[in-house]
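I wanted to look up cavities, pockets and patches.

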Amino acid sequence: MSLTLFLVQTLNGLQFGILLFLIAAGLTLVFGVMDFINLAHGVQYMVGAYLAAWFTALTGDFFLGLLLALPTALLFGLLLEWLVFRHLYGRDHLDQVLATFGVILFLNEAVKVAWGSSPLSVPIPDAFSGSVRMMDGLLYPVWRLVVIGSGFAIAIGLALLVSRTRLGMLVRAGAVNAPMVSALGVDIGRLFMIVFGFGAMLAGFAGAMVAPILSVEPGMGDNILILAFVVIVIGGIGSIRGAFAAALLVGLVDTLGRSFGPQMLRLMLDPSAASQTGRALAPMLIYILMAAVLIVRPAGLFPAQR
Amino acid sequence: MSAAGTDIAVTAKARQAVGGRERAIIATFVLLALAPIAAQAGPQGYIIDLITRMMIFAIAALSLDLILGYGAMVSFGHAAFIGLGAYAVGILASHGVTDFVVQLAAALAAAAVFAFVTGALSLRTKGVYFIMITLAFSQMLFFFGVSLSAYGGDDGLSLPERSRLFGLPLFSSDKGLFYATLACLIGCYLLCRAIVASRFGRVLRGARENPVRMTAIGFSPYRFQLVAYVISGMMAALAGALLANQTGFVSPAYMSWQRSGELLAMTIFGGVGTLVGPIIGAMAFLALEEWLAGLTEHWKMIFGPLLVCVVLFARGGIMGLAARIGGKRDG
């Protein structure tokens with residue numbers, strides 16, 4: 001395996017990990033603070049991508065589109081919270097699973113009705129198209145670097161928000177003991193709403209940022225949702241720090257495993273058997289990782305302190 | 001005092017609900033047995049096919065209810081067992097082994113081993129972590145199915161012929177498969193009912209209510225839960241073996257997480273912890289799906305909000321709704 005290929009794949013893994021973090025951050029807060037299993041978090045990512053694609057097509061400019069898509073995604077998240085999710089806090093996890101499953105069915109179909117079932121494509125903004133030469137023989141698309149950079153910036157901002165502000169303190173307190181926070185006179189309903197809307201916006205931002213790289217299509221949030229769950233479980237539910245570490249870990253393990261797994265196996269097995277087992281094992285790697293983490297540390301790597 | 005009073009009222013109501021359930025399930029089974037005769041009036045093949053499919057998923061939902069409703073084990077990976085059962089039939093059939101007894105034995109053995117190993121590991125975790133680890137194991141199996149290029153990989157494989165029972169082509173007629181499925185469904189229901197009523201079932205329910213107390217009086221909940229998990233997995237594999245015969249086709253899509261989610265939805269839709277509810281729930285779920293799909297191409301836009309409404313306005317699913325209507329009428 002060459003060094004360049006390894007570096008490219010590491011960057012791809014980082015970019016994938018950052019994407020997962022943006023989705024998992026909202027999910028882990030909603031889960032940790034409200035004890036609410038939101039299967040519909042993946043469709044909020046999809047809605048973000050669609051909104052970005054739509055506004056970009058309307059305005060003709062990606063950044064203007066993004067600027068319009070973010071508040072719309074936020075409003076959309078708040079609307080969902082008001083219509084459905086608000087009535088599910090404190091209910092059984094099973095009820096939450098069924099109701100949010102219903103929301104997934106509805107929204108996956110609704111985007112088909114609104115924008116058609118064929119994938120939409122969003123052009124990469126002109127200023128960031130093309131590739132940058134990082135070293136000899138290593139060209140990397142600028143837009144992917146932008147995704148990585150903005151993701152890191154948001155991660156830092158989020159960490160500061162959670163650790164340094166009053167709102168963040170309430171969120172952390174809510175993750176440890178929500179009824180106690182409520183008993184101390186905090187309007188927990190409002191806090192939940194803010195956290196929820198914010199999580200929806202982050203997921204929408206993730207969708208908007210990858211819209212130029214991936215195709216925007218119905219159901220695009222379904223598989224990434226499961227990966228986001230893997231991330232928050234590995235990281236420890238309710239922990240932003242855990243979500244960040246686990247997201248990068250999952251992104252790197254998945255990407256590197258897929259590209260180098262078969263080659264590593266070739267050292268032990270003959271080539272055809274190696275590529276066969278490699279292809280079988282690579283997609284399983286993160287689930288094996290998750291099962292292993294849960295067996296050794298049943299509350300994840302960085303459990304929220306209780 | 002008033003607490004004791006409500007207690008008695010609740011017990012009486014619960015007994016009434018159980019009586020109502022028994023009547024509902026007997027009526028359901030009788031109606032199902034008569035369905036092929038009634039279907040002669042309409043598009044027979046289509047109706048029998050649809051009802052067979054409904055019964056197969058009823059078996060799967062029933063098996064999920066055994067661990068979900070009575071053991072509080074929320075498995076988000078139950079579709080894996082359906083896939084195991086279906087692949088056992090598909091793989092053996094592609095090698096010329098078409099006897100259903102052999103195929104079923106392989107399916108049950110595979111499911112038992114998989115359930116034992118994954119259950120033994122999963123049961124070390126609790127609550128949400130259990131949900132996620134069962135999901136992880138089923139995803140592993142899903143991707144394993146995708147990588148099985150000798151057996152169609154992502155595309156799946158078609159069955160060369162339906163299974164035979166002791167050399168007889170019993171399943172080759174749709175009616176034969178229909179009655180075989182009905183027999184399996186009734187058998188599974190009776191088995192589950194017996195399990196729930198037995199000492200084993202009582203320990204399981206005790207562990208659901210208060211595992212610490214169960215441990216204190218000398219039971220090890222872990223072992224009971226594991227056995228229940230294995231039984232449930234094997235039952236779902238039976239459903240998978242029947243499903244392979246019904247569709248004549250096996251693919252990794254049977255094991256996708258959406259399928260596991262659908263199974264959970266069917267079970268909750270019918271009413272968790274009632275055994276009868278999930279059977280009716282699965283059939284109502286598929287019938288609704290079929291009916292709405294006939295109305296409009298975008299049927300999911302109606303079906304999704306309907307599920308949300310069931311959760312918001314009809315707690316306890318269909319059985320909960322029926323109990324409330326029955327309670328109002330009798331009270």
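I take helices as DSSP runs of H or I with at least four residues, numbered from the N terminus. The model is predicted.

**Entry: a nonpolar patch**

I began with Leu3(A), which lies in helix α1 of chain A. Is Leu3(A) buried or exposed? Leu3(A) counts as exposed because its relative accessibility is 55%, and the cut-off for exposed is over 50%. I then looked up the patch that holds Leu3(A). Leu3(A), Phe6(A), Val132(A), Met134(A) and Met135(A) make a nonpolar surface patch of about 420 Å². β1(A) gives the most, with three residues.

**Entry: the largest pocket**

Next I went to the open space. The largest pocket holds about 830 Å³. Its lining has 30 residues, and the closest to the pocket centre are Phe16(A), Met220(A), Asn223(A), Ile224(A) and Leu227(A). Which elements each supply at least two residues of this lining? From chain A I noted α1, α8 (220-235), α9 (240-266) and α11 (285-296); from chain B, α5 and α10 (257-270). The largest share, six residues, comes from α8(A). By class I read 16 nonpolar, nine polar and five charged residues in the pocket lining.

The largest cavity has a volume of about 90 Å³. Its lining is Leu29(A), Leu158(A), Leu161(A), Val162(A), Leu167(A), Gly168(A), Val171(A), Ile194(A), Val195(A) and Phe198(A). In chain A, α5 (142-164), α6 (166-183) and α7 (188-210) give two or more residues to this lining. I find nine nonpolar residues, one polar and no charged there.

The second largest cavity has a volume of about 30 Å³. I listed its lining as Ser75(B), Gly77(B), Ala80(B), Phe81(B), Phe114(B), Thr118(B), Thr134(B), Phe137(B), Ser138(B) and Tyr229(B). The elements with two or more residues in this lining are α3 (79-94), α4 (100-122) and α5 (127-147) of chain B. α5(B) brings the largest share, three residues. This lining divides into five nonpolar, five polar and no charged residues.

**Entry: recap**

Note on methods: Residues numbered from 1 in each chain as written. Chains lettered and ligands numbered in written order. Predicted model: local features only at pLDDT ≥ 70, side-chain atom pairs only at ≥ 80, totals over all residues. Heavy atoms only, no water. 1 Å grid on protein atoms, 1.4 Å probe; cavity = no way out; pocket = protein on both sides within 12 Å on 5 of 7 lines; lining within 4 Å. Points joined across faces, edges and corners; volume = space filled by probe spheres on them. Nonpolar A, V, L, I, M, F, W, Y, C, P; charged D, E, K, R; others polar. Patch = residues over 30% accessible without salt bridge, like charges linked within 9 Å, V, L, I, M, F, W, Y side chains within 5 Å. Areas by Shrake-Rupley, 256 points an atom, 1.4 Å probe, with all protein chains shown as cover. Salt bridge = Lys/Arg side-chain N within 4 Å of Asp/Glu carboxyl O. Buried < 20%, exposed > 50% of the residue type's maximum accessible area, 1.4 Å probe, protein only.
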